[in-house]
Amino acid sequence: MKRILISLCAMLLLFSSSAASAEEIRIATGHTFIKRVFDPIRSAFKDKTGLELKIAFNDPLPALAELEKGNADVAGASLMVDNWLELGKAAGIPVKERSMYSSVVVVTEKSHFVVNKANRVQTLSKEQLKGIFTGTLTNWTEVGGDDAPILIVWPTVSSGSVIIVKQKVMDNEPLTKTVYDVETIGEVPDAVASTPEAIGVVTGISVEDGLKEVAPPIERPLTLLYKGTASPNLQKLLNFLTVEGKQYIQ
C-alpha cells in the first residue's frame, strides 16, 4: 500500500509539473521584438517561471487586431502607443479608448539608413531620402554617386520601422513601385550588402559588415501593449523584462 501511495504521489507531481509547463503567454509581435527581446529571454524566463512564450509573428496592425480579438495576451511593436492606436483606428480595427490600455517600453530601437559599402555616397539628407523612397530620384548620380539605378530593398511585411520611415521621412507619401521585395526587415541587411546599387532601412544596435550608414538613425520605442490590468502570468513577464531580463536583451 505504501508503494502504491508513493507511486500515486509521483504521478500527481508529474501531472502537476506537466500542467504548469503547459502554461503560456500569447504574444503578437514582429521581427525586431522577437530578435532583440523574446528569443534572448525565452530560456531564462521559462527556467524561472515555468511559462512558455507563444509568439505569433505579426506586423503592428495585425498584432493590435489579435490583441483586440483576445487571441493575444500582449502585443508588441516599435511604435509609440498613441501612434499605434491611431493607425489601428484608421485601418478599421475596433480600438478602445486610450485609457483601456496599459503599456511598457522595454527598450529603444533605431532604424538605420544604409547603402552598400562600395557606394560612393557618404551622406543623404531627409529630402534626398524622401526622393529616393518615393521615386522622384532614381539614379545615384542625382545624389553624388556613380551612374547606376537606385535599388530600394523593402520588406513586404510591415514593421514599426517601416511605418516610422513612411511618416518621418516620406511624409506619408506612397513608396515607389520600383523596389526589390524581401519578406521581412530582417532580410534587408544581406540584400543591401550583396547589391552595390541598393539602399534600405535596417534595425539593430549596429550596422553589419558590408553596409554603410548614410543618414542619422531614427529612434523609436519597443512597446508592449495590453488591455486593462495584466494577468498574473503576464505580470511575471513584465517584471522579468524590467529586472533580471535586461541582461539578455540585445
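Analyst: Helix α2 passes helix α8 in a right-handed crossing, a crossing being right-handed if the near helix is turned clockwise from the far one by less than a right angle, and left-handed if anticlockwise. This is a predicted model, where local features need pLDDT of at least 70, side-chain atom pairs count only at pLDDT 80 or more, and totals for chains, interfaces and linings use all residues. Residues are numbered from 1 along each chain as its sequence is written, and side-chain values use heavy atoms, with hydrogens and water left out.

Two packed helices are described by the angle between their axes and the distance between the axes. Here α2 spans residues 31–49 and α8 residues 232–242; their axes come within 11 Å and cross at roughly 115°. Axes are lines fitted to C-alpha atoms, for helices over the stretch in contact, with angles from 0 to 180 degrees between N-to-C directions. Helices are DSSP runs (H or I, at least four residues), as are strands (E, at least two), numbered from the N terminus.

From α2, the contact (heavy atoms within 4.5 Å) takes in Val37, Phe38, Ile41, Ala44, Phe45, Lys48 and Thr49. Their partners on α8 are Lys236, Leu237, Phe240 and Leu241. By class, this contact has eight nonpolar, one polar and two charged residues. Nonpolar means Ala, Val, Leu, Ile, Met, Phe, Trp, Tyr, Cys and Pro; charged means Asp, Glu, Lys and Arg; the others, Gly among them, are polar.

Helix α2 also gives the largest share of the lining of the largest cavity, three residues. Strand β3 (74–77) is, with α2, an element giving two or more residues to that lining. The lining's classes are seven nonpolar, eleven polar and one charged.
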